[in-house]
Amino acid sequence: MIVLLVLLSLLPVLAAFALSRRRRFTAIVGMGLFSLILSAVYLLLHAPDVAVTEAAINAALITFIYIIAIRKTGRLVVVSDEIPGLLYREGEQISGLEQEILSGFARQLGLELVIRFLPVEQVPTALHQGEADIGAGGIISEIDDNKVLKTQGYLPTALYHLSRQTKPHLKQEESAITGFFSDLREEFQAGKTQACTLDLARFVALSRSDLSPYTVRRLDGLFSYIFLIAPARERLHHQFVSYLGKLEEGGELEKLTRRYFS
Amino acid sequence: MLMIAGVIVAVILFGIGLLGMIFRRDLIIKLLSLGLVNGSVMLCLVSLGSRANGIAPIIRGPENANYVNPLPQALVLSAIVINFAILALALVFVMLLVEHYHSTDSQRIEHEIKREREL
Amino acid sequence: MRYRRIGLIVYATILVCCFCGLVIAFFSYQEPTRELGAIYLSRAPSETGAANIVSAIYLNYRLYDTLFEILIFSVAVLGVRFYLSDYREKEIVEKIPESQIVRTSADLFFPPIFLIGIYLTLSGHLSPGGGFSGGVVAGTALLLCAVALGANTVGKRFHEPTLRWLEWGVLLVVLSLPLLPIVVGRLPFTALLPPGTMGKVISGGSIPIDNLLIGIRVFIGTWVIIHYFMRHRGEV
């Protein structure tokens, strides 16, 4: 009797808790637990037939059907380097212009977005080996790689060449963009870099530190940022290109760009 | 005593389910609230038929034991299966709707439908 | 605008609370069907021969409602099959790998759960259970297998046309069985078999047969629903 009253008073609390959650998964699991406790209440109210049927149908089958219905059907793996403004970590979350584009695309496909950070020269390798589906992180359209599929440019950019004003007749070591961008930024702040070629986002990120010992020269030509897609994923490429086109037409791409690069 | 407690809890659950259906914009949570409303009605029926110091209506030995009223339980059994049928079919429709409009938000889906109708 | 929304929420909450309070206050806390329940309790063992009175009620005295309930379940299965029937071969997406625990437990638990389902179906007239819960429990056993191995793998082991014939054939038999006693010359609906002594396995008139047929129908229906859901959303 006391157990029954305790369980009966637990029911509205559990229902209110389950239906007020933001995550759908928590709500479904909460309602499954509610059905189980309701089945126990039916048993204590001397209705065993009803208890067995309620437990079998509501707690097991209905909960499973809901979980199948909201489940994401797979993962969309993105490899990238961490570039401030485009794709960067902000505490626990990842944000940036590219992250917004990619998460919208993943939501459209019904997939879960997984971002892995790799040094920028390993991104095409990962795509070739099939470890990832999309490569991101401020990749210039002039990257020479025949196997990966490239999307159209979504953001025009410029290339800058920095060189330290040392004795001009000495040969300058051109440090290519290898390794993580954060390592490059540390080297820069320590003053070890001699010369390098940077795109706009990296340049903006580095320009917070002292740039006076460097001469900045802008390279000619039109460049733009693109995404890379793993080879032989034609359908994904086609879907992504049409998604980017729709973003541009709707004007949402401009809004996002202004938000991150105003 | 049990009957009164059961009916009061059932009515409170009905209220919670109703509020959940009105105020949550997510389609899946609206369906869950519908199932909750169903469950509350079934709880009310079963607890109306219960009796203090009763036993389950399965005849074992002596004839004149204090059996609980079996009729509401038979009605609730049918109601559970019908509830499952309704929820399964409603979930199919919700899945197709979500796949078409890429969102589970009911207001956003209505907005998109209105926009499609204007075009 | 925001104040208006908060006002709407508060107003609706107060309204719902008033509704609940009115129902609680003016509800008649009497058993509305007490005499009818007592009549069923006193007459069921001798007339129907079933020990489970709830079973006797919904499979003997109120068989008509149960037939339509089966029909509603069948229509739901039909609807699921119709609306989720377009299956396009999707591009290979990276599957979220399945853990070893699920596979081992599926191996271990499938026979006992299936047996429990069959037991619940067949002993519906003697102890709690019946066609619906037994069929759903057996369907849950198949669900466990489908989660571990994949719905398509499990679905290939069934011969689809046979399953479909069985499904609709069982439904036809369930719906026409109540009319069969007319052929033999008795009253329709339940007088097919004699009640028998209460408490034995073979007793209860046509209740065990109905339980078995309903159990088969609900089992196949549950499997169809699970199969079509999992196939539509990609493998678990």
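1. The buried residues of α3(C) pack against α3 (48-70) of chain A, against α3 of chain B, and, within chain C, against α2 (34-48), α4 (63-83) and α10 (207-233). Helices here are DSSP runs (H or I, at least four residues), numbered from the N terminus. This is a predicted model, in which local features need pLDDT of at least 70 and side-chain atom pairs count only at pLDDT 80 or more, while totals for chains, interfaces and linings use all residues. Residues are numbered from 1 along each chain as its sequence is written, and chains are lettered from A and ligands numbered from 1 in the order in which they are written.

2. Helix α3 of chain C spans residues 53-61 and is mostly covered, with nine of its nine residues buried. A residue is buried if 20 or more other C-beta atoms, placed from the backbone, lie within 10 Å of its own. Among the buried residues of α3(C) are Ile53(C), Tyr58(C) and Asn60(C).

3. Between chains B and C, 33 residues of chain B are in contact with 41 residues of chain C; contact requires C-beta atoms, placed from the backbone, within 7 Å. On the chain B side, α1 and α3 of chain B each give two or more residues, and α3(B) gives the most, with 13 residues. This side divides into 28 nonpolar, five polar and no charged residues. Ala, Val, Leu, Ile, Met, Phe, Trp, Tyr, Cys and Pro count as nonpolar, Asp, Glu, Lys and Arg as charged, and the others, Gly among them, as polar.

4. Towards chain A, 36 residues of chain B are in contact with 32 residues of chain A. The elements of chain B that give two or more residues to this side are α1 (2-23), α2 (27-48) and α3 (71-101). Its residues comprise 24 nonpolar, 10 polar and two charged.

Note on methods
Two residues are in contact if their C-beta atoms, placed from the backbone, lie within 7 Å. A residue is buried if 20 or more other C-beta atoms lie within 10 Å of its own, exposed if 12 or fewer, and partly exposed in between; C-beta atoms are placed from the backbone.
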